[in-house]
Amino acid sequence: MMNQTAHIKLIEEISLNAWPSHKMELYDGWLIRFSHNYTHRTNSVSQVGASLLPVEEKIEYCESIYRNFHTPSIFKISPLLDPSFDTLLESRGYEIQHITENMVMDYADFKPYESVGIEYEYYGRNSGLPSFVVYPNDVIVQLRDRITDEWIHSLFRLNGTTNPTLRRIVPSMYKAIPKETIVANIEIDGRMVASGLGIMDRGYVGIYAIYVDASCRHKHFARSICSTILTEARKKGAEHAYLQVVKGNVWAKELYTSLGFRDLYTYWFRVKELSGI
């Protein structure tokens, strides 16, 4: 069985694979990512390898990069880092934001939401995915094997992305995902009201982009989408799953726990607004 440190390292690696940034720079073992501040994960520094340069020098370099990008300087803090680094950032005026709980699941613990029907729109679909999976109360999850412009723009509506720059660059970020994907949504009268994305890597499936329109909550839409992605990923060979949930999101945490997920580790971001931006 994998020890906890190795498990965390693996999840950190595959989650970086799963969510590419608009721009990236590798700097002495640190990965500097920039995406016009779309999310902290894609607009922050992650330590991915050994370092040789003085840490203060490196922090100042990263700050200069983000200052030029006109965004805050952000560092991701995981249990893999020496706690002294977090303390150093705090002394430099960095504040904690977006505390996130990373959860994992072994399929032996999976408790699926039982579907009542499944349909393949036509024989021999290349992805092997069904077209529709039906759940109680006529909840229908639609599946595709690739991310489309239509899905992305509907996602923008669900998560409130209105910034023109982000609406221009984020589609290319989704389309740059190098791994096999399972794309899910629920529609009502031709309008997407719930979304989800599964990303396969090394025997794991990551659950991403779970959004439900405010008018459609408490109808098991998120449960239906998560269960569908997890079920189809298992058919494709996944043995484990992972996801991230913002600390304090009690409803989401209860959902994921009920499906079989458990806590593995917590990470957060240290953020500093820079002068001159």
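These legends describe close-up views of a predicted model. Local features need pLDDT of at least 70, side-chain atom pairs count only at pLDDT 80 or more, and totals for chains, interfaces and linings use all residues. Residues are numbered from 1 along each chain as its sequence is written, and side-chain values use heavy atoms, with hydrogens and water left out.

**View 1. Strand 13 pairs with strand 4 and with strand 5.**
Helices (H or I, at least four residues) and strands (E, at least two) are DSSP runs, numbered from the N terminus. Two strands pair if DSSP finds at least two bridges between them. Strand 4 (residues 73-77) runs antiparallel to strand 13 (residues 262-272), and five bridges join them. In this pairing, Phe 75 stands opposite Arg 270 of strand 13. Strand 5 (residues 95-106) is also antiparallel to strand 13, with eight bridges. Here Glu 101 stands opposite Thr 266 of strand 13. In a regular strand the side chains alternate between the two faces of the sheet.

**View 2. Helix 4 crosses helix 5.**
Two packed helices are described by the angle between their axes and the distance between the axes. Axes are lines fitted to C-alpha atoms, for helices over the stretch in contact, and angles run from 0 to 180 degrees between N-to-C directions. The axes of helix 4 (residues 149-159) and helix 5 (residues 164-175) come within 10 Å and cross at roughly 130 degrees. The two helices are therefore oblique to each other; angles under 35 degrees count as roughly parallel, over 145 as roughly antiparallel, 65 to 115 as roughly perpendicular and the rest as oblique. Residues making the contact (heavy atoms within 4.5 Å) include Trp 151, Ile 152, Leu 155 and Phe 156 of helix 4, and Leu 166, Val 170, Pro 171 and Tyr 174 of helix 5.

**View 3. Helix 4 has buried residues.**
Buried means under 20% relative accessible area, exposed over 50%, and partly exposed in between (1.4 Å probe, protein chains only). Trp 151, Ile 152, Ser 154, Leu 155, Phe 156 and Leu 158 of helix 4 are buried. Their cover includes helix 5, strand 9, strand 10 and strand 11. Just after helix 4, Gly 160 has a positive phi of about 75 degrees.

**View 4. Asp 213 is in a loop and is buried.**
The loop of Asp 213 runs between strand 11 (204-212) and helix 6 (221-235). Asp 213 has 15% relative accessibility and so counts as buried. Leaving out residues up to four places away in sequence, Asp 213 touches Arg 157, Leu 158, Arg 191 and Val 193.

**View 5. Asn 37 and Asp 189 have positive phi values.**
Neither view residue is a glycine: Asn 37 has a phi near 65 degrees, and Asp 189 has a phi of about 55 degrees. Asn 37 lies in the loop between strand 2 (30-34) and strand 3 (45-47). Because its relative accessibility is 32%, Asn 37 counts as partly exposed. Asp 189 lies in the loop between strand 9 (181-188) and strand 10 (191-201). At 80% relative accessibility, Asp 189 counts as exposed.

**View 6. Cys 62 and Cys 216 are buried.**
A disulfide is a covalent bond between the sulfur atoms of two cysteines. Here a disulfide is a pair of cysteine sulfur atoms within 2.5 Å, and the count comes to zero. Cys 216 is in no disulfide, and the nearest cysteine sulfur, that of Cys 226, is 16 Å away. Cys 216 has a relative accessible area of 4% and is buried. Cys 62, at 0% relative accessibility, also counts as buried.

Terms used:
Left-handed = near helix turned anticlockwise from the far one by under 90°.
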